[in-house]
Amino acid sequence: MQGGSTGIGYGLKYQARCISDVKADTDHTSFLTGTLSLKEENEVHLLRLSSGGTELICEGLFSHPNEIWDLASCPFDQRIFSTVFSSGETYGAAVWQIPELYGQLSSPQLESVASLDGHTCKIRCVLWWPTGRHDKLVSVDEQNLFLWSLDTSKKTAQVQAQESAGMLHYLTGGAWDPHDSNSISLTCDSSVQLWDLRTMKKINSIEHAHVRNVDYDMKKRYTLVTAEDESGIHIWDLRNLKFPVADLPGHPHWTWTVKCNPVYEGLILSAGTDSAVNLWLASSLGRNDSASDSLAAPPTRRIEPLLNSYNDYEDSVYGLAWSSREPWVFASLSYDGRVVVESIKPHLPRK
Amino acid sequence: MEIEGGAPLDDKAKRMRDLLSSFYSSDPSSASSLPPNTSSRFATLDTINTASFNADQYMNLLVQKSNMEGLLQKHVEMAAEIKNLDTDLQMLVYENYNKFISATDTIKRMKNNIVGMETNMEQLLEKIMSVQSRSDGVNTSLFEKREHIEKLHRTRNLLRKVQFIYDLPARLEKCIKSEAYADAVRYYTGAMPIFKAYGDSSFQDCQRQSEEAVAIIINNLQGKVFSDAESIQARAEAVMLLKQLDFPVESLKVKLFEKLEQFLVNLNFDSKELTDSSVDVNGSLDPGRVPHAASATAHEASVREFAEAVRAYKVIFLDSEPQLSKLAQDFVTKHFEATHQQIEKQIHSADLVTIFRVIWTDVLLLDEVLPEASLPDFAFQSACVAVKDYISSAFSHFLLHISDAVTKVQGRQKEQIEEDYPLQVALEASQKAVLQGSMNVFLEFRRLLDENSGLLLKLRDLTIDWVQEGFQDFFRKLDDHFRLLTGKSNVASQEVNLLERMPGDKVAAGLVLVLAQLSLFIEQSAIPRITEEIASSFSGGGVRGSEYGPAFVPADICRTFRSSGEMFLHLYINMRTQKISVLLKKRFAAPNWVKHKEPREVHMFVDLLLQEFEEIRTEAKQVLPQGINRKHRRTDSNGSTASSRSNPLRDDRLNRSNTQKARSQLLETHLAKLFKQKMEIFTKVEQTQESVITTIVKLSLKSLQEFVRLQTFNRSGFQQIQLDVHFLKSTLKHIAEDEAAVDFLLDEVIVSTAERCLDPVPLEPPILDRLVQTKLAKTSEQSLPS
């Protein structure tokens with residue numbers, strides 16, 4: 001399982017936590033990543049995988065005023081992205097536009113599209129609807145959920161709705177259902193909450209789940225993947241929230257993030273604080289579920305869900321992104337600022 | 001010419017010949033008897049006597065054949081013959097004439113005689129007429145008398161019958177007295193038609209009396225049928241007689257059958273008593289054997305009796321085999337039901353064996369009487385079920401026993417620990433339960449095998465298979481049960497868990513650890529022993545068919561338990577680290593680190609952390625074995641060299657970290673990481689105290705680092721963390737084995753804090769030491785009085 005250094009590397013100057021696939025860029029496989037430096041001037045890097053897939057090229061380098069805790073690319077405009085930032089005690093979230101480059105590689109200023117002001121506590125993340133053009137934007141802070149109406153051409157963002165998740169629930173993050181633009185899941189201390197954005201009400205929840213990260217399966221509706229607090233990955237069917245559909249072992253230490261492949265059903269990436277990225281195949285496990293009712297089946301026949309473990313990292317891996325253009329490519333970002341792009345082609349399930 | 005002239009002559013001659021031949025009827029036949037084709041010359045000369053004699057032909061022939069002399073001679077001969085014939089003819093005519101004359105005379109005489117006959121006949125008619133009239137007279141005169149006589153005769157017959165009927169009661173009495181019931185029944189059935197015709201009117205009394213008598217007879221006969229003392233033949237006869245008396249035999253049959261059933265019920269009660277007594281007896285061993293044996297013989301006697309009754313019934317009532325078969329099968333079924341109840345009461349195999357022995361003798365007894373019921377087969381099938389039941393119940397008791405032993409931990413922990421080492425006690429108890437229990441189970445089953453009586457002998461191979469299967473199944477169930485206890489069960493068995501699954505937080509971590517060790521114990525000690533046992537005394541069942549392989553697959557079970565053991569260990573570590581994570585989370589969520597105040601003492605979360613570690617250590621010490629020389633090996637590993645190299649670097653860096661060279665600082669970290677071997681923090685966990693504790697400590701420290709990375713610190717916050725970590729460094733040495741890794745991780749925490757600090761100025765080492773010393777003094781002070 002020792003993954004050799006097959007990946008293409010790129011070093012950021014500073015430590016970093018977040019990387020995002022530029023979905024709207026249909027011509028190239030691009031990623032956006034932002035640094036997390038307390039004292040230095042932070043940067044946003046636009047990386048492009050060369051056409052041969054052998055090199056990561058920095059297409060743009062933009063300075064960002066504060067350290068970036070979350071970064072998300074707009075799914076319908078490749079030049080627009082959002083960041084969540086903080087500096088000391090101040091915090092904020094904004095939508096930015098990459099300026100026209102005209103060939104030069106200097107660090108021009110990012111053009112601010114909108115500032116998502118109004119949060120009263122630490123902002124966790126900004127979510128775009130992953131499937132296509134949508135004029136709404138969701139931002140999550142420790143206690144509240146904001147629904148923004150965004151107009152990129154007029155460069156305005158207005159709070160459309162705001163709801164508190166309750167005093168005792170410290171929200172930590174969330175994910176927007178790619179199959180339903182009204183449904184969103186939020187993670188908090190001890191549960192996963194499912195919200196309806198039309199009514200701004202919690203409609204359901206997975207209780208007693210200490211979840212660090214969630215992701216929806218892009219291909220299979222009603223499937224939610226969660227990274228559990230200690231370790232372990234659970235796969236849920238949203239129509240039956242009592243028990244997970246399947247379990248994956250996860251990482252020895254924290255499983256920080258999970259990402260479902262946008263094209264291949266059941267392929268899941270997880271990154272952990274054990275400095276490794278694991279590639280799982282869950283679909284076979286889920287499918288076998290009904291058949292493995294008989295306990296008589298010896299445990300050896302169960303298919304090993306772990307396809308590969310990439311552990312050529314020096315530090316905890318926090319950032320993870322599949323490329324939507326080339327779905328067999330993913331980018332990972334470890335805390336020491338190293339971006340590694342890997343291809344999972346050798347592990348793809350045979351069709 | 002001759003033909004023309006000869007034609008009338010010929011006619012005449014022919015008529016003559018015909019006449020003659022009709023008189024001498026033999027002639028034409030003799031003539032025709034001559035061969036027709038004797039056309040030779042010799043033959044032709046003979047044809048003179050035949051019917052087809054042709055005179056011309058004859059002449060021609062004669063002329064042709066004979067010479068003159070011959071012709072002359074012939075002529076002479078012929079003349080002589082003709083003369084002879086003429087005289088003969090004349091003679092015949094005379095004779096016939098004579099006869100005709102005499103006939104005429106006779107007729108004349110007859111005519112004379114007949115004349116007197118007419119008168120005679122008339123006289124005769126007259127006489128006959130007179131005789132007839134006389135006889136008619138006699139007839140008429142006698143008719144009345146004869147009528148009378150006939151009437152009298154009839155009356156006499158009737159009277160005789162009436163007499164018979166009047167005598168019937170007495171006769172019946174007599175028969176009853178002499179017990180000639182057959183005669184009585186014959187009399188009574190003879191009288192029946194009369195009673196039927198006149199019973200209502202004339203013979204009421206008589207009928208009543210005789211019916212009374214018959215009732216007595218019926219009673220007696222019934223008594224006879226029911227009495228076991230009578231011979232079967234007599235009873236069968238009695239039933240026949242009853243049938244003749246139109247007595248409802250069916251009801252009798254039903255009654256008798258009920259009696260048999262009743263008998264059976266009593267009998268079963270007996271058997272129950274028998275087993276009960278034997279069970280009671282079992283507690284007090286030897287003294288009980290005698291009554292046990294006594295009751296057994298009593299039981300056997302009653303079964304014998306039952307068998308006799310069945311035999312009698314079979315003879316008495318024909319075509320009753322199906323019913324009896326059913327009864328006998330009922331008997332066996334009831335037997336086995338009783339056995340089943342015993343099995344549910346956790347019976348010992350010795351008792352089971354005795355029960356089986358009793359059943360088998362009973363079955364043999366009954367089979368002699370009633371081969372149609374094919375009782376041995378039936379019993380065999382039932383015994384199959386019973387033995388299977390027994391084995392499964394034995395295993396389920398065993399399972400219960402073990403789970404009791406295991407779950408005592410949880411219960412005991414709830415009600416405050418009284419013993420010093422509850423986990424150790426629980427582990428030892430459950431280990432003992434597993435070993436002792438399996439040995440007991442073996443003992444029980446071996447007793448089943450050792451038994452040589454019919455039923456169990458037949459079941460031997462099956463039993464072996466079942467025992468093997470039972471063990472296989474048992475261990476699978478045990479594993480499931482363990483998983484259920486920890487709330488960590490397969491997704492496959494979700495349905496069960498919906499009801500029973502305990503929420504993960506409520507499971508005691510200690511229990512998980514005990515289960516982990518117990519799984520290991522089962523894999524390494526219990527299974528080999530059981531395999532040995534099976535090999536020595538339960539091998540060679542082989543009824544299953546070789547393609548399935550042996551029922552008991554130790555490798556399979558070992559694998560299951562090994563993986564479960566690992567799973568439990570990981571679960572334990574998970575549970576523990578989760579708890580510590582919560583602790584750390586609280587620690588970092590509460591204060592505002594950017595506005596932290598100057599550190600004055602080591603923060604109390606360290607105490608909590610150490611307390612947790614201490615708790616884990618006590619648990620691990622109770623349950624897990626000690627590793628061998630781990631400490632030594634670890635210090636030699638790559639990690640220590642790496643940390644020893646990185647340490648001066650870091651100290652150096654920390655000292656001048658107030659200089660604004662964060663970038664080069666990061667570079668240094670990178671460089672340091674490039675040069676040192678990657679620290680193996682997440683090594684494989686082994687089932688030893690040290691390994692488990694070290695793993696937990698390492699994971700906790702890693703968590704600490706991750707929490708630090710999520711915060712932003714001011715100088716004082718950084719210094720607080722520095723102080724806490726410094727204190728941990730000195731204390732964790734005693735707890736965790738892998739000093740290098742712990743040091744490395746603690747350094748990482750400080751580095752991470754420095755990275756997340758706006759103004760990372762470390763505390764001066766003397767201050768650090770002083771604060772740590774005060775803390776140490778304080779803790780030792782606290783620990784001393786307590």
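The structure is a predicted model, in which local features need pLDDT of at least 70, side-chain atom pairs count only at pLDDT 80 or more, and totals for chains, interfaces and linings use all residues. Residues are numbered from 1 along each chain as its sequence is written, chains are lettered from A and ligands numbered from 1 in the order in which they are written, and side-chain values use heavy atoms, with hydrogens and water left out.

Chain A contains one helix and 28 strands. Helices (H or I, at least four residues) and strands (E, at least two) are DSSP runs, numbered from the N terminus. Chain A has 351 residues, and 60% of them count as buried. Buried means under 20% relative accessible area, exposed over 50%, and partly exposed in between, with a 1.4 Å probe and protein chains only. The accessible surface of chain A is about 14,100 Å². Carbon and sulfur atoms account for 47% of that surface. Areas were computed by the Shrake-Rupley method with a 1.4 Å probe; for residues, only the protein chains shown count as cover. Of the chain A contacts between residues at least 6 apart in sequence, 47% join residues at least 24 apart. A contact means heavy atoms within 4.5 Å.

Asn42(A) lies in strand β4 (residues 42-49) of chain A. Asn42(A) is buried, because its relative accessibility is 1%. A polar atom of its side chain lies 3.4 Å from the backbone nitrogen of Leu36(A). The side chain of Asn42(A) also reaches the backbone nitrogen of Ser37(A), at 2.7 Å. Beyond its neighbours within four places in sequence, Asn42(A) is in contact with residues including Phe62(A), His64(A) and Glu67(A).

Over all chains, 27 salt bridges were counted. A salt bridge is a side-chain nitrogen of Lys or Arg within 4 Å of a carboxyl oxygen of Asp or Glu. In chain A, Glu326(A) pairs in this way with Arg325(A), with the closest N and O atoms 3.7 Å apart. Arg325(A) is partly exposed, at 38% relative accessibility.

In chain B, Asp724(B) forms a salt bridge with Arg587(B), the closest N and O atoms being 3.5 Å apart. This pair links distant parts of the chain: Asp724(B) is in helix α25 (residues 715-735) and Arg587(B) in helix α19 (residues 554-589), 137 residues apart. Asp724(B) is buried at 2% relative accessibility. Arg587(B) is buried too, at 7%.

Asp607(B) and Lys775(B) also meet in a salt bridge, at 2.6 Å from N to O. Asp607(B) lies in helix α20 (residues 604-623) and Lys775(B) in helix α27 (residues 765-783), so the pair ties together parts 168 residues apart in sequence. Asp607(B) is partly exposed, at 26%. Lys775(B) is buried, at 9%. A network of salt bridges links Arg576(B), Lys579(B), Glu612(B), Glu615(B) and Glu619(B).

Helix α4 (residues 55-65) of chain B has Tyr58(B), Leu61(B) and Leu62(B) as its buried residues. These residues lie on the same side of α4(B), because they cover an arc of only 100 degrees around the axis. The arc is that of the directions from the helix axis to the C-beta atoms.

An unreviewed UniProt entry lists residues 107-134 of chain B as "coiled-coil region". UniProt positions follow the numbering used here, feature names are shortened, and annotations may be inferred rather than shown by experiment. In the model, this span is 93% helix and 0% strand. Its end C-alpha atoms lie 41 Å apart.

Technical notes
Polar contact = N/O pair within 3.5 Å; in protein donor to acceptor, adjacent residues only side chain to side chain.
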